[in-house]
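Have a look at the model first.

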Amino acid sequence: MTLILVANMCSIISSKTDERIKRFDIEGRLQSRSNIALPPLEASSSRRHLLVGVGTSLVTLTCCGLSPLMVWAEEKSADKEEEDKSIIGAIKSLFYPNEKTKSGMVLPKAYLKSAREVVKTLRESLNEAPDDIAKFRRTADAAKESIREYLGSWRGKQTVVQEESYVILEKAIRSLANFYSKAGPSAPLPEEVKSEILDYLNTAEEFL
């Protein structure tokens, strides 16, 4: 009888032990699967930060890197347009060397450019106050240079010698030269002489 009770107890204990072992084994497998399927939260967060950082860097590189290229392209385009305009202007001057003036006369473009430069620089020189010696000298030198180029290129040329602008500019230049030849190169220009020359320049400009 005693042996039967002992055998029953051993059977019960063994059964409970087997159940505990099975339960422990199942929990261990579940824990193992959980560790494999679900990565650590910190790792996922780190990957998200990495992806965001890479995306931001790409956007910054794209925006900041392309901006200088776009500016450079625009500058090159502007330079190309200016170059094209210069070429077109040279071609037009070659095939169309004349230009219609305000008065309706057709004259050489080179003459008109030179005559207009004389009017501009000589007027600026006459209107410049002599108080600023450096600026006064610069404007006077510019006027002398433009007059020298004008006379060297167009004095006595039959294509323009009969034109009103040519005749009037000759008077303005002669009036200035006559004064300085008598009073000396450093003499101050009287108001009456200055006014006379400015009137000549204004009249000549109407025909240019």
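Rings of Phe, Tyr and Trp (its six-membered ring) pair if their centres lie within 6.5 Å; planes under 30 degrees apart count as stacked, over 60 as edge-to-face and the rest as tilted. By that rule, ring pairs link Tyr111, Tyr150, Trp154 and Tyr166 into a cluster.

A word on the ground rules: this is a predicted model, where local features need pLDDT of at least 70, side-chain atom pairs count only at pLDDT 80 or more, and totals for chains, interfaces and linings use all residues. Residues are numbered from 1 along each chain as its sequence is written, and side-chain values use heavy atoms, with hydrogens and water left out.

**Aromatic pairs**

- The structure holds four aromatic pairs.
- Tyr111 and Trp154 make an edge-to-face pair, because their ring centres sit 5.5 Å apart with the planes at 80°.
- That pair links distant parts of the chain, with Tyr111 in helix H3 and Trp154 in helix H4 (residues 133-154), 43 residues apart. Helices here are DSSP runs (H or I, at least four residues), numbered from the N terminus.
- Tyr111 and Trp154 are both buried, meaning under 20% relative accessible area, while exposed is over 50% and partly exposed is in between (1.4 Å probe, protein chains only).
- Tyr150 and Tyr166 form a tilted pair, 6.3 Å centre to centre with 40° between the planes.
- Tyr150 belongs to helix H4 and Tyr166 to helix H5 (residues 164-183), so this pair ties together parts that are 16 residues apart in sequence.
- Both Tyr150 and Tyr166 are buried too.

**H3 against H6**

- The axes of helix H3 (residues 109-127) and helix H6 (residues 191-206) come within 10 Å and cross at roughly 155°. Axes are lines fitted to C-alpha atoms, for helices over the stretch in contact, and angles run from 0 to 180 degrees between N-to-C directions.
- H3 and H6 are therefore roughly antiparallel to each other, the label for angles over 145 degrees.
- From H3, Val119, Leu122, Arg123, Leu126 and Asn127 meet Lys194, Ile197, Leu198, Leu201, Asn202 and Glu205 in H6, with contact meaning heavy atoms within 4.5 Å.
- By class, that contact has six nonpolar, two polar and three charged residues. Ala, Val, Leu, Ile, Met, Phe, Trp, Tyr, Cys and Pro count as nonpolar, Asp, Glu, Lys and Arg as charged, and the others, Gly among them, as polar.

**Lys194**

- Lys194, in helix H6, counts as buried because its relative accessibility is 18%.
- Leaving aside residues up to four places away in sequence, Lys194 touches Leu126 and Leu189.

Note on methods
Helix = DSSP H or I, 4+ residues; strand = E, 2+ residues; numbered from the N terminus. Parallel < 35°, antiparallel > 145°, perpendicular 65-115°, else oblique.
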